[in-house]
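Trainee: I would like to learn how to read a structure of this kind. Can we go through it feature by feature?

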Amino acid sequence: MALLKTEGLGIQFGGLKAVDEFNFEIDKNQLFGLIGPNGAGKTTVFNLLTGVYKPTSGQITFDGKSILKMSPTQITQFGIARTFQNIRLFKNMSVIDNVKVGLHHSQNYSLIASVLHTPNYYKGEEAIEEMALSLLRVFDLDQYAQVKANNLPYGKQRKLEIARALATSPKLLLLDEPAAGMNPTETAELMETIKIVREKFSIAILLIEHDMKLVMGICEKIAVLNFGTVLAFGTPDEIKNNPDVIAAYLGDEE
Amino acid sequence: MKKKDIRQFILSFALALVIYGAFMFAMNSGIINSYWSGILIVACINVVLSTSLNLASGYLGQLTLGHAGFMSVGAYASALCSIYLGTSFIVSLFIGALAAALVGLLIGIPTLRLKGDYLCIITLAFNEIIRIIMLNIGITNGAKGLMGIPMSTNFTIVFFSAVITIYVIYSIVKSRHGRAIISIREDETASELAGIPTSYYKILAFTISAFFAGLAGGLYAHYITILIPKVFDYNKSVEILVMVVLGGLGNLKGSVIAAIVLTILPEYLRAFSDYRMLLYAIVLIAAMIIKEKNLMPHIKEKFSKKKDENKEVAE
């Protein structure tokens, strides 16, 4: 059974159909690429999947349940985490605190417990600390634990955002242009990181990316979006040779 | 972590006791006269006000201008309990704080959907509404003032109220709940998508903030013994906000220092009689410029060396 399935998903802003009749499926542990020209509606799809926008039509099923009525917070708790096209870290918090925010629900000591410093509080905080550090270690960020997130170099900020998303222990991770603004070396490093993340956490990853080398290199399935609808769907090789896709990216011959 | 934490807690508490002892000794032996001990009491009340507002404005990041409104709810509720129900002082204080928290909750639920300027104006309006209600309902005796409140507030109770307020807010900020609150200030959308129930935490922080404002109100009522609605107007809210901004949004130590300095400063300026408020304003402007240019950490260091009472919140 598919992990995530959308049927006839669409959203309309005034007269503009930003996404229309969007159908696709992601299986467990799959690396899925979503590509398309600028303005095709890729980020809008992310916003629909995470509940930031409410669709005007269609259905989203995740892990066998409809998530249409859920708030963004509930959807995250239910297992979909994401990063943003333009990094949105908690800039004035330390690197480790950024991850700890993502780990909020991993512990459940109460407000009273934190004021009274009960054993539960210490147990919870220690567990959070440990989990946060081990997550940072995956991304080689542990030596920056106490640094303000804003002071990290760009590439590391991207990684931290992925770490924070993973802290919510998702089943599906949405990455919105993770390689944007990176040089080829950083991109290659990121490709490795994404592969490691998928294996280590055994999660599915849905990726928006403009860097074709990255997308073709690591994704198992790709959907091409154009003007809000799915233009093509298949393996990287199928996509590469699809005349519609070539037309959308390079223009028709006439 | 646990050991270090407990050691730090015991140290801070011991320090607070030493400071308390020193002040008590100074007051009893006449080194601090009754005039200045009165100012110290007001300073402690202001510490409760500024640290509690810091939770809502500094950590949660919602600029509110209604803190005096919550203070007034706490003041009237506790005063009325003392006068008409004859409850003991501590119980009255507690009822006052709870009443303020309840009002905070009721105001918070509809208004915290708003952001920035809008929330600011709504809380300002709320402040005025409370003031006008207090002015017009019979039981508060309106502009003539509510009299006959027992004079129960003393230095001991205000000092430990301040210590407890600082301790509670510090503990909250250092927990997973505090991190959730701060993340809302940093980026509300990202916070939501990191799984934080943002509405819940906004209302929670706002309510706790109101609770301690109510406590401060109760302390104030039982110190001044007469309540006039005009005291809790817009100016008072601004005064508290100035303390928080001057001390630094999201900086508890700063709030404590700013509250003490801004309570004592006008007294020192009495020597300049007519120009007092003018000078006060100039000092404020200068302080803000210094802070903006980031000279504050340096100055703060000097302050914390001189004023040991601020060390209890030292991280």
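Trainee: What is the mean pLDDT of chain A, and what share of its residues reach 70 or more?

Mentor: This is a predicted model, and confidence comes before geometry. Chain A has a mean pLDDT of 90, with 99% of its residues at 70 or more. Within chain A, helix H10 (residues 243-250) has the lowest confidence, a mean of 80, while helix H3 (residues 95-102) has the highest, at 96.

Trainee: How many residues does helix H9 of chain B have, and what distance does it reach from its first C-alpha to its last?

Mentor: A helix can be checked against its expected span. H9(B), residues 198-224, has 27 residues and reaches 39 Å, close to the 39 Å expected.

Trainee: Is H9(B) mostly covered or mostly uncovered?

Mentor: Mostly covered: 22 of the 27 residues are buried. In soluble globular proteins, nonpolar side chains tend to be buried together. Here the largest nonpolar core has 157 residues, and those with the most contacts inside it include B:Cys44, B:Ala205 and B:Ala216. H9(B) supplies the largest share of this core, 14 residues. Beyond its neighbours within four places in sequence, B:Cys44 is in contact with B:Val158, B:Phe159, B:Ser161 and B:Ala162.

Trainee: Why is B:Ala77 classed as buried?

Mentor: Burial is a count against a cut-off. B:Ala77 is buried because 24 other C-beta atoms lie within 10 Å, and the cut-off is 20 or more. B:Ala77 is in helix H3 (residues 67-85) of chain B. Leaving out residues up to four places away in sequence, B:Ala77 touches B:Ile95, B:Gly96 and B:Ala99. The C-alpha atoms of B:Ala77 and B:Ile95 are 6.9 Å apart, with the two residues 18 apart along the chain.

Key:
Residues numbered from 1 in each chain as written. Chains lettered and ligands numbered in written order. Helix = DSSP H or I, 4+ residues; strand = E, 2+ residues; numbered from the N terminus. Expected span 1.5 Å × (residues − 1). Buried ≥ 20, exposed ≤ 12 C-beta atoms within 10 Å, placed from the backbone. Core = buried A, V, L, I, M, F, W, Y, C linked by C-beta atoms within 7 Å. Contact = placed C-beta atoms within 7 Å. pLDDT = per-residue confidence, 0-100.
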